[in-house]
Amino acid sequence: MSFKAKIEPVTRVEGHVSVNIEVDEGKVKDVKMNVVESPRFFEYLLVGARGEEAPRISQRICGICYVSHSLASVKAVESAWGIEPPERAEKLRRLMHLGGVLSSHLLHLAYLATSDYLGDQGRFPYLNTSSPELFKTLIEMYKYSNNLTETLGGRRVHIATVIPGGISKDVSKEQNDNLKRETSRIVSNASNVAEKLLEAFERSLEIFPTTPAFRIAMTNNKQHELYDGEVTVLNPHGEEEYSFKADEYMGNISEKSVEHSYVKYPYLRKEGFPYGIYRTGCLPRMEAARGLKGEKAGELFEKHNGLFKPGRSLVAYNSARTIEVISIIEQIQEILSEDSRGETRIGVKPKEGVGVGLVEAPRGILIHHYETDSNGILTKANVVTPTTQNAPAIEIN
């Protein structure tokens, strides 16, 4: 039996996507994911803007990952201008970034994924009736993550405090104490939720096996990292091949245009296309890490480490996401407990330069690459998002 099928629209995704499937003699011959949303030309919108404006403009690329875009952007500007922000500013940025990733993870778990694994017919409202306490805790955690982002960023959506040279304002001691109390309350509840979710996900591991592929993830001294580190490359067998720094990405990642999609297809330059197609995100982060920050997260990582193997299952992404939630909350608690004060910004002088900013966004490596003239005006901009990097791997799975 041979036929062609088209799925349109594809639900539970950001943007507009259709999938074309070709079946020949009962076997899937080809799959193409068509990103049909017209280009938005954010890179061209950045060209001509002042470097100071880049973190505010670029975060409009995504209504969920806006913190990640703002931070990758400001790191690119600071790299181009040779700026090192104060330690206190870096700590606040890291805290803000953790809150942004946490918000995205909880949004996915609470509203998109969990009901599928709890026998709730794959619809959000059923989670509220069949597992009300679990749902309530997830929503409380999600509210907490948004409150953290708003306190640090000045706004809940599209933050306003990230600037070249640091952070425009510090949190007050009262705000820090309030966040610390709220975090302590969330920690214990989060651990209970994580155990229940991991049990549900493990029951479904055999449903969606993955095709082995290269993976890339940020690490710092071989440990799990989200904000500042180098990129580790794993081969399809899960072995570490090599690593590279942010400003070396162009020598390691290439982008290819395809006829059926507006998305450029990234691949590892050393491996070529299509063999060099790779995945990025929370599952590759777990596969690349030799350890996780946080006591409870470390325990869960060791207990469930067998899930994070090449070709194991797409469901393992949700397991990785759940464990990462615990690690993030424990990191937030540690930073808030320190409450070290200090300078939050330094003066900056725009200049001609080239800079790359890289962070781990919720769905994987995010790259911002800018060039500025002597007045600090952006003359070139390239943004490589995690969704773009994952698009080719989605097709081959």
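Me: How are helix H7 and helix H9 oriented to each other?
Reply: The model shown here is predicted. In it, the axes of H7 (residues 173-202) and H9 (residues 295-303) cross at roughly 10°. Angles under 35 degrees count as roughly parallel. The two helices, H7 and H9, are therefore roughly parallel to each other.

Me: Within what distance do the axes of H7 and H9 come, and what is the handedness of their crossing?
Reply: The axes of these two helices come within 11 Å. The crossing of H7 and H9 is right-handed.

Me: Which residues of H9 meet H7, and how many residues in the contact are charged?
Reply: On the side of H7, the residues in the contact are Ser191, Ala194, Glu195 and Leu198. They meet Lys296, Leu300 and Lys303 in H9. By class, the contact has 3 nonpolar residues and 1 polar residue, and the number of charged residues is 3.

Me: In what order do the strands of the sheet lie, and which are the edge strands?
Reply: The open sheet is formed by 3 strands with antiparallel pairing, in the order E1-E2-E3. An edge strand here pairs on one side only, and this applies to strand E1 (3-7) and strand E3 (27-35).

Me: Which residue in E3 is the bridge partner of Val19?
Reply: Strand E2 covers residues 17-24 and pairs with E3 in the antiparallel sense over 8 bridges. Direction ignored, neighbouring strands of this sheet are turned by 15° against each other on average. In E3, the bridge partner of Val19 is Met33.

Key. Residues are numbered from 1 along each chain as its sequence is written. This is a predicted model: local features need pLDDT of at least 70, side-chain atom pairs count only at pLDDT 80 or more; totals for chains, interfaces and linings use all residues. Side-chain values use heavy atoms; hydrogens and water are left out. Two strands pair if DSSP finds at least two bridges between them. Helices (H or I, at least four residues) and strands (E, at least two) are DSSP runs, numbered from the N terminus. Axes are lines fitted to C-alpha atoms, for helices over the stretch in contact, and angles run from 0 to 180 degrees between N-to-C directions. Angles under 35 degrees count as roughly parallel, over 145 as roughly antiparallel, 65 to 115 as roughly perpendicular and the rest as oblique. A crossing is left-handed if the near helix is turned anticlockwise from the far one by less than a right angle, and right-handed if clockwise. Contact means heavy atoms within 4.5 Å. Ala, Val, Leu, Ile, Met, Phe, Trp, Tyr, Cys and Pro count as nonpolar, Asp, Glu, Lys and Arg as charged, and the others, Gly among them, as polar.
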